[in-house]
Amino acid sequence: MSDLASDLPDVPPQGEDGPAKRAVALLVWAQSVLGAQLPVHFILGGLVGQMLAETPALATLPISMIVIASMVAAPILSQLMGRYGRRTGFFIGAGFGALSGLVAVEAILARDFALFCGATALSGVYLAAHNLYRFAAADLASDAFRPRAISYVMAGGLMAAILGPEIVRQFGEAMEPVPHAGAYRALVILNILGALPLLLLRIPRPPQPERGAPRAGRPWGEILRERRLVVAMLCAMVSYALMNLVMTSTPLAMVLCGFGTGDAAEVVRAHVLAMYAPSFFTGALIARFGAPRIIATGLALLAIAALIGAHGIALGNFFGALILLGIGWNFGFVGATAMLAEALRPEERARVQGMNDFLVMALVSVASLSSGVLLAEAGWEVVLLATAPFLALAGGALVWLLLREGLQPSRG
């Protein structure tokens, strides 16, 4: 594994963003191509779960296994990247993504629900690596370029939003009469081919303490006294978890309302496009207005999305709710990522980023597990209304931060 790690010199001086831009280009590729497997899992995971599970309440468990495994893998992968380099961790993620596709095909052929949950859990290791693309984009960037670097990498999800549903359409029935297995078989090839350009990725490892030396960076007590860091973590958790809560049950809710799998795929496609399209300008907005204001806008859009979804079950309601859900997630999550990145020292990145993503995926796991149960037991409207207390919590934390610091747009 150490042969994949790069022994490169330390980060270049601030303002020299040539290496950062080259790294961003490769990370955009990874986000675009390797990231396409995530829409496939989110479109088909609940449908395959419904086909294989003994009770409808367990239909979304395969998707929940993705986020649970990601929660566990995030701090481990982050520490591995801190020791062996970003590239090593990203290759590990792609390898688990390919293995997930292979096991999923076998599970569908065997009609084995437990094995299918295991397959999606393997994909969770890829998701943990995928979520670290955004932090890798910030590693080489200057202060001025950092929000844009994060934003550009997130914008790579646009291609994933197009490619993922297309994989479902083109390959989902390729193994007839077995439904959906062909799409998972296609993911094996996607992970192998998509990872190859990452061989060119050159991001230096953070400084390593000498053997026996104390851990570099501030102790946790001092880190957690950083107001912006704590609020950034909370807003990242809420933005991601509420997006997942609603999105996980959307395909199932649509099928229950009489819509077809093709309609569900189109709504998910629109949602994922809305998640990543704003990234072309989110970084610029953060640089101009400050991360807290952009996060607040994202939380407001999440609330409006829930209201539109609860207003009716027409196809337009599903499209409107999921599009606003995607934009709200983008503003909330990218804003929180930028605010967290600017609060960290280089030697703390692996430790704090891993903990951040562990906490994010912990709440996402709860949301994902709750999504199917709420839909089966209480209905679609309750899934949407469940977002309210979490939005109030994150919004209150932002108000507290702004009251303590004052509105300072220059701080991103």
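Me: What is meant here by a cavity, and what volume does the largest cavity have?
Reply: A cavity is a set of grid points where a 1.4 Å probe fits but cannot get out. In this predicted model, a search of the whole structure finds five cavities of 30 Å³ or more. The largest cavity has a volume of about 190 Å³.

Me: Which helix gives the most residues to the lining of the largest cavity?
Reply: The lining of the largest cavity comprises 21 residues, and Leu-38, Phe-42, Tyr-240, Met-275 and Tyr-276 are the closest to the centre. Helices H2 (37–52), H5, H8 (157–171), H11 and H12 (261–276) each give two or more residues to this lining. The helix that gives the most, with five residues, is H12.

Me: How many of the residues of H5 are buried?
Reply: Helix H5 covers residues 113–131 and reaches 27 Å from its first C-alpha to its last, close to the 27 Å expected at 1.5 Å a residue. The N-terminal end of H5 is capped by Asp-112, with a side-chain oxygen 3.2 Å from the backbone nitrogen of Ala-114. H5 is mostly covered, and the number of buried residues among its 19 is 16.

Me: Is Arg-86 buried or exposed?
Reply: Arg-86 is placed in helix H4 (residues 86–110). Leaving aside neighbours within four places in sequence, its contacts are Met-81, Leu-132, Phe-135, Ala-136, Asp-139, Ile-203 and Gln-353. Buried means under 20% relative accessible area. Because the relative accessible area of Arg-86 is 8%, this residue is buried.

Me: Which residue has a backbone oxygen 2.7 Å from a polar side-chain atom of Thr-387?
Reply: Thr-387 lies in the loop between helix H17 (380–385) and helix H18 (388–405), and at 5% relative accessibility Thr-387 counts as buried. Leaving aside neighbours within four places in sequence, Thr-387 is in contact with Leu-242, Leu-245, Val-246 and Ala-306. The backbone oxygen that lies 2.7 Å from a polar atom of the Thr-387 side chain belongs to Leu-384.

Conventions. Residues numbered from 1 in each chain as written. Predicted model: local features only at pLDDT ≥ 70, side-chain atom pairs only at ≥ 80, totals over all residues. Heavy atoms only, no water. Helix = DSSP H or I, 4+ residues; strand = E, 2+ residues; numbered from the N terminus. Expected span 1.5 Å × (residues − 1). Buried < 20%, exposed > 50% of the residue type's maximum accessible area, 1.4 Å probe, protein only. Polar contact = N/O pair within 3.5 Å; in protein donor to acceptor, adjacent residues only side chain to side chain. 1 Å grid on protein atoms, 1.4 Å probe; cavity = no way out; pocket = protein on both sides within 12 Å on 5 of 7 lines; lining within 4 Å. Points joined across faces, edges and corners; volume = space filled by probe spheres on them. Contact = heavy atoms within 4.5 Å.
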